[in-house]
Amino acid sequence: MERTEKRDFVASLAGVFAETSFVLVAQNKGLTVADVSELRRRMRAAGATYKVAKNRLATLALAGTRFQGISPLLKGPTALAWSKDPVAVAKTALEFAKANDKFVVLGGAIGNQTLDVAGVKALAELPSLETLRAQLVGLIQTPATRIAGILQAPGGQVARVLAAYAKKDEAQAA
């Protein structure tokens with residue numbers, strides 16, 4: 001890579017870091033071309049990007065961004081994955097790591113917070129953004145009568161208690 005190419009690469013990577021919400025760092029020592037192609041295909045299907053970058057260039061691109069806390073993880077043969085949906089990247093990477101022992105998740109960063117492997121695993125266990133949206137739509141589509149019934153139930157209970165007291169007072173007066 002020539003110096004101008006390196007400068008362009010660092011600038012494009014810095015632009016990506018400015019736009020994304022999550023960056024994952026993984027070690028890819030000994031992966032075959034077929035394995036990397038399969039991982040890239042899975043990442044693309046999840047809406048993520050997977051890129052092998054020189055550690056020095058990635059460190060330069062991370063400098064001054066909110067993800068600069070992951071710079072110490074960039075040692076040895078590493079790769080970066082990023083997406084606007086952090087759960088999708090974490091799930092895809094951890095699923096691939098289970099099937100392929102040469103791919104090891106080192107950590108990541110979401111916003112200003114640096115995550116270790118346990119943090120990435122916890123993130124992967126969360127429901128995806130699409131699932132959360134579907135749950136929200138389901139809540140919004142709940143019939144209005146059901147919501148009205150739930151809201152009226154406490155008032156009905158108070159009315160029944162008051163009616164019971166009224167009957168009790170009438171029985172005592174008679």
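Predicted model: local features only at pLDDT ≥ 70, side-chain atom pairs only at ≥ 80, totals over all residues.
1. Overall composition. The chain contains seven helices and five strands. Read from the N terminus, its elements follow the order α-β-α-β-α-β-α-β-β-α-α-α. The chain has 174 residues, of which 33% count as buried. Among contacts with a separation of 6 or more, 79% are accounted for by residues 24 or more positions apart.

2. Geometry of α2 and α4. Two packed helices are described by the angle between their axes and the distance between the axes. Helix α2 covers residues 33–45 and helix α4 covers residues 86–99; their axes come within 10 Å and cross at roughly 150°. Because angles over 145 degrees count as roughly antiparallel, α2 is described as roughly antiparallel to α4. The crossing of this pair is right-handed.

3. Residues between α2 and α4. On the α2 side, the contact is made by Asp 35, Glu 38, Leu 39, Arg 42 and Met 43. On the α4 side, Val 89, Thr 92, Ala 93, Glu 95 and Phe 96 take part. By class, the contact of α2 with α4 comprises five nonpolar residues, one polar residue and four charged residues.

4. Thr 92. This residue lies in helix α4. Thr 92 has a relative accessible area of 10% and is therefore buried, the cut-off for that class being under 20%. Residues up to four places away in sequence being left out, Thr 92 touches Arg 42, Met 43 and Ala 46. Arg 42 and Met 43 are also listed among the α2 residues that make the contact with α4.

5. Ala 45. The C-alpha atom of Ala 45 is separated by 9.5 Å from that of Ala 88, although the two residues are 43 residues apart along the chain.

6. Geometry of α4 and α5. Helix α4 also meets helix α5, which covers residues 117–124; the two axes come within 8 Å and cross at roughly 110°. That angle makes α4 roughly perpendicular to α5, because the range for this description is 65 to 115 degrees. The crossing of α4 with α5 is left-handed, whereas that of α2 with α4 is right-handed.

7. Residues between α4 and α5. From α4, the residues in the contact are Pro 86, Val 87, Ala 90, Lys 91 and Leu 94. From α5, they are Val 120, Lys 121, Leu 123 and Ala 124. The contact of α4 with α5 divides into seven nonpolar, no polar and two charged residues.

8. Asn 28. This residue is found in the loop between β1 (22–27) and α2. Which class does Asn 28 fall into at 12% relative accessibility? Asn 28 counts as buried, because its value is under 20%. The side chain of Asn 28 makes a polar contact with the side chain of Tyr 50, at 3.4 Å. With its neighbours within four places in sequence left aside, Asn 28 is in contact with Tyr 50, Val 52, Pro 77, Thr 78, Ala 79, Lys 102 and Phe 103.

Technical notes. Residues numbered from 1 in each chain as written. Heavy atoms only, no water. Axes fitted to C-alpha atoms, helices over the stretch in contact; angles between N-to-C directions. Helix = DSSP H or I, 4+ residues; strand = E, 2+ residues; numbered from the N terminus. Parallel < 35°, antiparallel > 145°, perpendicular 65-115°, else oblique. Left-handed = near helix turned anticlockwise from the far one by under 90°. Contact = heavy atoms within 4.5 Å. Nonpolar A, V, L, I, M, F, W, Y, C, P; charged D, E, K, R; others polar. Buried < 20%, exposed > 50% of the residue type's maximum accessible area, 1.4 Å probe, protein only. Polar contact = N/O pair within 3.5 Å; in protein donor to acceptor, adjacent residues only side chain to side chain.
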